[in-house]
Amino acid sequence: MSRKTKDFLIMMALGLCALLGAALLGFILSAVLWRGWPALGFDFLFTAPGKFGEGGVLFQALGTLLLTLGAGALCFPLALGSALFQTEVLRPGKWNDTVSLLLYSLNAVPTVLFGLIGFLVFGVWMDTGVSWLTGVLVLAVMILPTVQTAVRQSMQAIPESYQETARALGLTPWQRVRAVVLPRSVAGLVTGVLMGLARAAGETAAIMFTATVFSGVLFPKSLSDPALTLQTHILTLAQEAVDPAAQAAAWGAGLVLISLVFCLIGLSLLIRRRNAVEADL
Amino acid sequence: MRRLLHSEIDFRHPFVLITGLLTALASGVVVFLFLFLVIQGQPAFTRMGFAFFSGEEWIPGETYGAWPLIYGSLVVTGLALLWVLPPALGCALFTSEYLRPKARVAMKAAMELLAGVPGILYGLLGVSFLAVWVRDVLGLIDGNTLLTASLLLAVMVLPTIMTLSEDACRAVPSEYRDTARALGLTRAEVVFGVVLPQALPGIAGAVLLGLGRAMGETVAVMLVIGGLDRVPLPWYDITQPGQNIPSKLGREAAEALGSGLHWNALIASGLVLFLMVMLFSLAGNFLLKRKRA
Amino acid sequence: MNAPSPVIRLQAVTLRYGRIPVVDGVDLEIAANRVTTLSGPSGSGKSTLLRTLCRMNDRLPGFSVSGKVEVLGQDVHAPSTDVCDLRRRVGLLFQKPCVFPKSILENVVFGLKYHHPGERARFPELARRALEQAGLWAEVKDRLDAPAVALSQGQQQRLALARTLALEPEILLLDEPTASLDPESSAIIEELAATLKARCSLVWVTHDPAQADRIADRKIAFADGRILPHT
């Protein structure tokens, strides 16, 4: 076999792999659209759920939003504050590395374990039972490494010359943060939070026995009420539903969920692209 | 204090106090989590001893042998890796070395979206399509098997491994490519002779991180693995239903309800899983960040 | 002047990035077994022209060629041209020395491995000859298995030269090969040019007129994408 043929064959093989990757996304999207589209309609999107799996997913969607935004709101100050402390206050070194490692190791915790721990600490010890607030707390901790790492890295990526200039002008650390660090890292901040939100919105295992129920409530009225969410709704239907209508409802809910998650990721991709220095061609 | 903080910092400034407190809180939560896992899981280790790792029976109230779960976790993850490696690497190499910049950006965006598809949707797809296909193609009674779970996991971690491997390939300096090209190497020879060997540590890191993700995935696996706490007979028959640690936790946690040895045993298997994932992630991170000698 | 038949012949060659021409309607013939220098200010298109001779610009976005580029009697842009074979016969040395993070020996035989996979047994001998031609043999003969990155910049550049020479090119293109080296290393490489021209034709891009005076059999000056007259 000549070098040219070999070259061509390898290119085709690699191209085929790439095609497979792209086809996978195509398959997943079209499967969800194909199965979920028939269920979609005004009633499905804007009414309360009925009996098992019937009715709309309005409150499930609201519940997912509530948990996601709540987790984001709780996580954001923690991530921002600790990132600022690590980049601006603490010297690089052992302690700084320890904080990074601790937060990073959260990534290795299987999400279902967050659920178990949240369950025991809040549900049993603090006796709040299954509540949406537990879900928010658990999700906030779960997305902390994603958000914090993104924020910290965007702060560390600020060119040293900006910081030096600000220092040379005699700005205090806090002034420097306001004048240089925050404005320069705002894109990283936003994309980090968006990626965290996307993770939280798609997470099921961490909240399935801490924060959500399948029916019985619509929207939590107090801090100790559980919520309905799209994720756990799909899970219950996927495990138990034999009725085609309920299955269709599961796919419909899936379509709503994937749209929500893709909006968050798409937005973060857009912001990142607009802010990226076009260095590599 | 002085040695810890940047020299120009006044540690009585509210900014320092507030951010410091937030950092302490964030780290504290993590430390608490780990202490919690160890304390809550420890009774299972002391009571069961080594039998916790080697026992094949898991009967709530009597005995807790986690070997089938550990076996399931290892087999499912290992097989997933086997399925995902060739296409993920091919995809990464093609994207980084053959695609034009615009197509490359589009491909990367597609992979990022794919990586964000919620696990529960993969579960739904697994139940409705993959399990049915596996059943029909192999002529099984039940499509929920170790094989099905591994295939589903392979699909789930493909985007992660692909994107990170692609980054590793892009990180190979273009001078190396130009030099090899100037010597008259064909494209494929440049890719396999120069880019791949240089990117190998980064690719290994990507694979390990993907592996960690695969090991911890719960809901999707839970729906298609079969849920049988048993090492298949013979042990290599992957077309039988099985169980892995996250799936076990997801199924039984609600009934174990935070007390008794059953709960301790669940947390203990969670701890085992966490340690395995941590090991892979740290090794992966080390390889990804390693600077070239 | 009774020049031998040219190894490189350019007819009305225009090179563009997008719409902007960087080399504009150049006609040129370069003779065999000479050292020909291309000099001019940066941005005058000399490097772009040099890289076009072995089609290293193919993959730059927006790059296009019009006119005819003939190298070794062959239209390099003809569909029948084997680019890989062309690049073997027309070696190119970059401004910044680039050695692979492998041993010295592996670096020298890097191209041979792909072009002559059947002659593995002869590699040590071929490597030695290439290293001798690049004036590096004496310095590295005892540590051929040492990592190449440990060499000095000047040695790395000569190693890169040996790697190219190992393929026995008929033309050697040098793109400011001494620009990132110290004066001593530069001098060694300049001296090599004189001995190498017996074996192949050299086209040397430099921005330093004094260097062109020292090494050139023929000097060509470039400005704004054109050849200046009387050179």
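I began with a term: two strands count as paired if DSSP finds at least two bridges between them. I also kept in mind that this is a predicted model.

**Entry 1: a hairpin in chain C**

With that term in hand, I looked up β9 and β10 of chain C. Two bridges join β9(C) to β10 (residues 226–227), and the two strands run antiparallel. I found C:Ala223 standing opposite C:Arg226 in β10(C). Which residue of this hairpin takes a positive phi? I noted that C:Asp224 does, with a value near 50°. The hairpin has two residues between its strands.

I then followed β9(C) to another partner. Strand β3 (residues 35–39) of chain C is joined to β9 (residues 218–223) by four bridges, and this pair runs parallel. Here C:Leu38 stands opposite C:Ile220 in β9(C).

**Entry 2: an open sheet in chain C**

Next I traced a sheet of four strands. In what order do the strands lie? I wrote down β2-β1-β4-β5 (chain C), an open sheet with antiparallel pairing. β2 (20–31) and β5 (74–75) stand at the edges with a single partner strand each, so one side of each has no neighbour in the sheet.

I also checked the pairing of β1 with β4. Eight bridges join β1 (residues 6–17) of chain C to β4 (residues 63–71) of chain C, and these strands run antiparallel. As one example of facing residues, I picked C:Arg16, which stands opposite C:Ser64 in β4(C).

**Entry 3: where chain C meets chain B**

How many residues of chain C are in contact with chain B? I noted 20, and they touch 15 residues of chain B. On the chain C side, α2 (83–89), α4 (110–115) and α7 (153–165) each supply at least two residues. I looked up the classes on that side too: twelve residues are nonpolar, three polar and five charged.

Definitions and conventions. Residues are numbered from 1 along each chain as its sequence is written. Chains are lettered from A and ligands numbered from 1 in the order in which they are written. This is a predicted model: local features need pLDDT of at least 70, side-chain atom pairs count only at pLDDT 80 or more; totals for chains, interfaces and linings use all residues. Two residues are in contact if their C-beta atoms, placed from the backbone, lie within 7 Å. Ala, Val, Leu, Ile, Met, Phe, Trp, Tyr, Cys and Pro count as nonpolar, Asp, Glu, Lys and Arg as charged, and the others, Gly among them, as polar.
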